[in-house]
Amino acid sequence: MTTNVISLVSIGAHPTSGRPRRADQDARAVELGLQLAGDNLQVLHAGDVAEPALRAYLGMGLEQLHVLEQPAGADALPALTAYLRDAGAQVVLTGSQAETGEGSGMLPFLLAEGLGWPLVVGLAQVESINDGSALVLQALPRGQRRRLKVKLPFLATVDNAAPKPRQSAYGPARRGVLQAEDIEVVDDELLAVATLQPAKPRPKRLKVIKAKSGADRMKAATAKASGGGGQVLKGVTAQAGAEAILKLLIEEGVVR
Amino acid sequence: MSDIIRRDPRAEWIARNRLHPLHAAMQPAQHSWMGPNGIIRKNLHGIGFIGPNGIKRIDRSGAQQGGAVKRSATVEVQLPLHQVPAPAFYISVVPDMVGGRLSSHDRDLLGLAHQLAGEDGAVLAVVFGEHKESAFATAGVDRLLVLEGEAFSGYAPEQRVQGLRAVDNQFNPRHWLLPDSRSGGGELGRRFTAALGERPATRVWQVKDQECIGRAGAGLQDLARPLARLILAAAECAEPVSETRHEALPVELSTTVARSLSRIEDLGAVAVDPAAIPMAEAEFIFSGGNGVKDWALFHETAAALGATEGASRVAVDDGFMARDRQVGASGTWVTARVYVAVGISGAIQHLQGIGACDKVVAINLDPGCDMIKRADLSVIGESAEILQALIAAVEAYRNDAKRDAA
């Protein structure tokens, strides 16, 4: 059984130069989609069809890419919601945050709310899809994974825990077809009130020592090992010591 | 005991009376004496005494009284209590509570909440499930709402959104503050704002004069906008509360939370190979040093506990562990929540590397080493015996859990 998968892609920006490129997380969404659906993967973009960076996605081995044509500064949400409602997809994959524009990471949440679909955040792997539900692994901080069972159709965001995207090849990127579709343009009202400015480097937080006397300040500056309030078990048997350690590890939830 | 230095007439009387049995014992230690070559030697460190504020005092009048009594100079400073008897409005904060405690990110957020609350508003913290935090009062929580129940346990984002909606209906907070973190806050906040249909300000790092600035895109740009009702704030968005104490009065919801039919079922955590987790972000590190003699046993214990292995510089230099496992100044700076140090005495370079760790457990032979001063729990003893006992205890615990489940 083939699954109907749609990956949503956007235009990224190189972290140093700021030049347009394929967005890293979106490329991971395409990679995951290719692993799930193979040639049946549909890739969707809302924006300018003439953007050369879009062809980098085609270079990953796609035959075509749908583009809902919009000028810059338009709201992608209504167009995408309308498209996905009729597309009949079972799984929709997106990156978790855009690399240009506001980059609030709200789009998948608003899409899921609009479509009434469940949303999986931080998808790392799809284990199986059958009987109208999917078993997926969710990536958690600190390299942990959680298994979730989610009803189809669902939306999922991918982050850096998802498989690395394949390289984009030049030939397929040239041969691929960009299918543009005209849609109604809705302007994003945020840009009327907010301003984008170059990022200010954030200062490192200073360690402020609030001490009344010079002696306290001296003590704070020269203090070696902090803590001091720890419990010390001395002269106990190895068994009792191990029990105490295990109790703390279980309390902290690291030993399950 | 008071810290005021008082005259002790009895001690003075004993000092005058050379025949008193306590006269010798109560004499201040001798600080100058004739050396073997006829030179007067002085012990300058012994002169004087530590005054009530921890400052050394030298009384040259000869009637020195201090020093004989050991005084405690450290007095628990009681911070002024900030009370909001009738809040004009609420600022709601939903801390992450990683491991059941307030993280530094949560504390920054509470600081920001106080900045927004001013004198009249109250900061309401909404906590899901059980917690282990005891310092809500000093972290700046005026009102504490704990939403408990089976429905909120585990991974239940949809149910938590229902809980937050109920809080929103009852308290109608002026602002909602959530941490924009990967450990739950970012996701919950976005789900909540999507459910409310409001536009949040995300990755906010500065709030000033009804305007907030947040990072936009991939971090190359900032977005300045009017202050939103829902704020997802980045770490270090404000200074944490440090100068006041707060009431942390418990409040309750007057309505029951609607149950949402969960479309996402949590099947629990998946065992991950601990060796594959990068050291810098591992949650639980089991680290060995010079005191470990039986390295096979050490590896066995780490596997039994399911911990990522680490090592001190000595263990790496001696070839027992790979270089990429080194913790400390020239190795990896780890952020583990629980760090177990076996046979590591705690060189300053190593202690720097574990500065961000929450709970440190030390197993060591030497009760005076620096690692024990840093550790929350230390066991003094031979590491091999304790590790063997630990393996046995973990196996017994796992077998018990299995029997209970069956």
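Student: What makes up residues 11-195 of chain A in helix and strand, and how far apart are the end C-alpha atoms?
Tutor: That stretch is 26% helix and 33% strand, with its end C-alpha atoms 20 Å apart. Helices here are DSSP runs of H or I of at least four residues and strands are runs of E of at least two, both numbered from the N terminus. This is a predicted model, where local features need pLDDT of at least 70, side-chain atom pairs count only at pLDDT 80 or more, and totals for chains, interfaces and linings use all residues. Residues are numbered from 1 along each chain as its sequence is written, while chains are lettered from A and ligands numbered from 1 in the order in which they are written.

Student: Which UniProt feature is placed at residues 11-195 of chain A?
Tutor: An unreviewed UniProt entry places "domain: Electron transfer flavoprotein alpha/beta-subunit N-terminal" there. Positions follow the numbering used here, feature names are shortened, and annotations may be inferred rather than shown by experiment.

Student: How do you know that strand E7 (residues 119-130) of chain A and strand E10 (residues 154-158) of chain A pair?
Tutor: Pairing requires DSSP to find at least two bridges between the strands. These two run parallel and are joined by 3 bridges, so they pass. In E10(A), A:Ala156 stands opposite A:Val120.

Student: What order do the strands take in the open sheet that ends with E16(B)?
Tutor: Its 10 strands run E11(A)-E5(A)-E4(A)-E1(A)-E6(A)-E10(A)-E7(A)-E8(A)-E9(A)-E16(B), with mixed pairing.

Student: What makes E11 (177-182) of chain A and E16 (264-270) of chain B edge strands?
Tutor: Each of them pairs on one side only.

Student: Why is chain B called more spread out than a compact globule?
Tutor: Set the value against the rule, which is 2.2 Å times the number of residues to the power 0.38, with the radius of gyration taken over C-alpha atoms. For 406 residues the rule gives 22 Å, and chain B comes out at 29 Å, well over that, so chain B is more spread out than a compact globule. Its C-alpha trace spans about 90 × 60 × 50 Å along the principal axes.

Student: How is chain B divided into domains?
Tutor: Domain 1 covers 81-250 and domain 2 covers 274-398, with bounds from an automatic or database domain assignment. Their C-alpha centres lie 35 Å apart.

Student: What share of chain B is buried?
Tutor: Buried residues make up 41% of its 406 residues. A residue counts as buried if 20 or more other C-beta atoms, placed from the backbone, lie within 10 Å of its own; 12 or fewer makes it exposed, and in between it is partly exposed.
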